[in-house]
Amino acid sequence: MSDLRLEELSATNVVAANTLTLKPGQEQFVAPVSHSIAEAYVNPATAWPRVVLDGDEVVGFIMGNFDPDSPHDEFRGCIWRMNVAADSQGRGVGRFAVTALADEARTRGFDRLTVMFEPGELGPEAFFTAVGFVAIGETQFGETIAALTL
């Protein structure tokens, strides 16, 4: 995994992004990439959809949201979606994607990045904690809100 890079979501890579396969049981914690693609085109001014490539292979997807005027703090600078291919998990792809999104947030003047996720044994909580996110609250639906100070 030494050749990781981000690329803007495009017609060239959208099919590969949309067919990323997660580990069994993880699907309940993440919306399909196709939902993110739709949201990115509905909110093009704030959405930041990117694929993570290892060489020429799409191994991950991350979408940030940058909306400094959002009335909800947790949506101002956040990770909206993130998927890493099952066979690429544990190899630095997720950390690379989060770091890249955090770097983009800093260049846009944000000092914090948030993420929301459902708690659960196969969920992403351990990953987000490992990359520095700290739980700061809960949504009305019981999802954890976590923040990373930039």
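**Salt bridges, strands and rings**

Modeller: Let's start with a network of salt bridges that links Arg5, Glu7 and Asp56. Keep in mind that this is a predicted model.

Colleague: OK. How far apart are N and O in the salt bridge of Glu7 and Arg5?

Modeller: That one is 4.0 Å, N to O, between the two side chains. Glu7 counts as partly exposed at 29% relative accessibility, and Arg5 is partly exposed too, at 31%.

Colleague: How many salt bridges are there in the whole structure?

Modeller: A search turns up five. Among them is Asp73 with Arg76, at 2.6 Å from N to O. Asp103 also forms one with Arg106, where the closest N and O atoms are 2.7 Å apart.

Colleague: Where do Asp103 and Arg106 sit relative to each other?

Modeller: In helix H3, residues 93–107. They are three residues apart there, so about one helical turn separates them. Asp103 is partly exposed at 40%, and Arg106 is partly exposed at 41%.

Colleague: Which strands does E3 pair with?

Modeller: E2, residues 47–54, runs antiparallel to E3 and is joined to it by eight bridges. For example, Pro49 has Met63 in E3 as its bridge partner. E3 also pairs with E4, residues 77–84, in the antiparallel sense, over seven bridges.

Colleague: Let's do rings. How many aromatic pairs are there?

Modeller: The count comes to six. Take Phe117 and Phe128: their ring centres are 5.7 Å apart and the planes are at 15°, so this pair is stacked. Phe117 belongs to strand E5 (residues 112–117) and Phe128 to helix H4 (residues 125–130), so the pair ties together parts 11 residues apart in sequence.

Colleague: Are those two buried or exposed?

Modeller: Buried: Phe117 has a relative accessible area of 5%, and Phe128 is at 6%.

Colleague: What about Phe127 and Phe128?

Modeller: They make an edge-to-face pair, 5.2 Å centre to centre with 70° between the planes. Phe127 counts as partly exposed, at 26%.

Colleague: Which residues make up the cluster?

Modeller: Phe117, Phe127, Phe128 and Phe133 form one aromatic cluster.

Methods:
Residues are numbered from 1 along each chain as its sequence is written. This is a predicted model: local features need pLDDT of at least 70, side-chain atom pairs count only at pLDDT 80 or more; totals for chains, interfaces and linings use all residues. Side-chain values use heavy atoms; hydrogens and water are left out. Two strands pair if DSSP finds at least two bridges between them. Helices (H or I, at least four residues) and strands (E, at least two) are DSSP runs, numbered from the N terminus. Rings of Phe, Tyr and Trp (its six-membered ring) pair if their centres lie within 6.5 Å; planes under 30 degrees apart count as stacked, over 60 as edge-to-face and the rest as tilted. Buried means under 20% relative accessible area, exposed over 50%, partly exposed in between (1.4 Å probe, protein chains only).
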